[in-house]
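Hi,

Here is the structure I promised to pass on.

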Amino acid sequence: MSSRELAHRSGPAPAQLADVLERVLDKGIVIAGDIQINLLDIELLTVKLRLLIASADKAREMGIDWWDGDPFLSKSARDGNGNSVESRLRALEEKAGLPTTQKEES
Amino acid sequence: MIEAPAGTAWYVYGVAEDNPALERLDAVELIRQGNLVAIVREVPLEEYDEAVLPERLNDREWLERNARAHEDVLQGAAAVTAVVPLRFGTIYRSPEHVVEMLGERAGEFAENLQRVRGHVELGVKAWVDLSALEQTLAAGDQPVAGGGAGAAYLQQRAQQQERSRELSDRLTELAEEAHRRLTAVAAADVVNRPQPRELTGRSEAMLLNGAYLVPEGDDRLRNEVEQLAAEHAGLGVEYELTGPWPPHNFTGEQS
């Protein structure tokens, strides 16, 4: 616990876990070290993390399905009903040119 | 298990431009090569052994603890010098291998350090409570008069669809406008995939998830976010500013 932590932090709250994971797991220079962390493991882990926080059913209920791109889970996660608000949001993201993992039902 | 001398590994958090203040960082070691410094920590090899790694990576507590530790080290380094974050889990079996890596990639690191020097990354998220917004808009619908129940239903449906289209258009414009205005006051920008609600724990949908590289001490982006928040409050759109972060989003391959 040191001056270093105080020095660079200006936000009042500690960083959200989601923000930290997004950066630490998905960004930064990728170098294959001597020990390989399999990126598939990372993807799996973020998927699982999501599932830990809310069950898959709950997630589907909320229309969350952006793990669709993950071949491991796309099948099982795919049978939920598209929520109209969510699909609209996806359409919106697309139009806005925002990255989205939509894989539309038809 | 194995009590071989290979019981230790070196976890590399990032590569920084050498600076004496780095010596003050807690619990890390510095491996130097030329003007570059790898910020490393000696970790038990068994912690990151390939055999157990998949399991560890799927252990939420382990992941959170180590991801935050990774971030904390980078924050500390970024506070005193230019640093290039490496992705989580870059691990070497010996300090010599780290030195080799620094040598081989010196050009790439120099280029990245040059880009981020004197800058910080700020995150900006826009949130919208879609259901509240829909309800507000629904309250403005024309009351349905005349016709049978079927006709009333159809008319209501048509209104809803029209409203959804308008809402969608409006929010799209809004996200585009926000990003455009933030980009105008940033040295570089990245738009990331909106985070899912499971991860954010919020009921609102994320409309924009942007990262912006700005000069240290430059308040223009912060001011622009405040301005946007004030302008878009009527639509129930909220803005959230995070950081300063080490430049995670602005190193590596720039697309």
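Some housekeeping before the rest. This is a predicted model, in which local features need pLDDT of at least 70 and side-chain atom pairs count only at pLDDT 80 or more, while totals for chains, interfaces and linings use all residues. Residues are numbered from 1 along each chain as its sequence is written, and chains are lettered from A and ligands numbered from 1 in the order in which they are written.

Chain B: the overall picture

Chain B has eight helices and eight strands (DSSP runs numbered from the N terminus: H or I of at least four residues for helices, E of at least two for strands). Its radius of gyration is 24 Å, well over the 18 Å that the globule rule gives for 255 residues, so chain B is more spread out than a compact globule. That radius is taken over C-alpha atoms, and the rule is 2.2 Å times the number of residues to the power 0.38. The C-alpha trace of chain B spans about 85 × 45 × 30 Å along its principal axes.

The sheet with β1 to β4

Four strands of chain B make an open sheet in the order β2-β3-β1-β4, paired antiparallel (strands pair if DSSP finds at least two bridges between them). At the edges are β2 and β4 (83-92) of chain B, each pairing on one side only. From one strand to the next the twist averages 25 degrees (axes are lines fitted to C-alpha atoms, for helices over the stretch in contact, with angles from 0 to 180 degrees between N-to-C directions). Helix α3 (residues 95-104) of chain B packs on this sheet and touches β1, β2, β3 and β4 of chain B, its direction making about 45 degrees with that of β2(B).

Zooming in, β2 (residues 29-33) and β3 (residues 36-44) of chain B pair antiparallel over five bridges. They form a hairpin with two residues between them, and G34(B) in the turn has a positive phi of about 65 degrees. β1 (residues 8-17) of chain B is joined to β3(B) by nine bridges, also antiparallel, and W10(B) stands opposite E42(B).

The sheet with β5 to β8

Here the order is β6-β7-β5-β8 (chain B), again an open antiparallel sheet of four strands. Its edge strands are β6 (188-191) and β8 (237-245) of chain B. Ten antiparallel bridges link β5 (residues 119-128) with β7 (residues 205-215) of chain B; A126(B) has L208(B) as its bridge partner.

Where the chains meet

α2 (residues 17-26) of chain A and α2 (residues 60-78) of chain B have axes that come within 9 Å and cross at roughly 70 degrees. That makes α2(A) roughly perpendicular to α2(B) (the term covers 65 to 115 degrees). In this contact (C-beta atoms, placed from the backbone, within 7 Å), residues of α2(A) including L17(A), V20(A) and L21(A) meet residues of α2(B), among them E64(B), A67(B) and R68(B).

Over residues 62-85 of chain A the pLDDT is below 50. Where pLDDT is low, the predicted coordinates should not be read in detail.

Cheers

Terms used: Parallel < 35°, antiparallel > 145°, perpendicular 65-115°, else oblique. Contact = placed C-beta atoms within 7 Å. pLDDT = per-residue confidence, 0-100.
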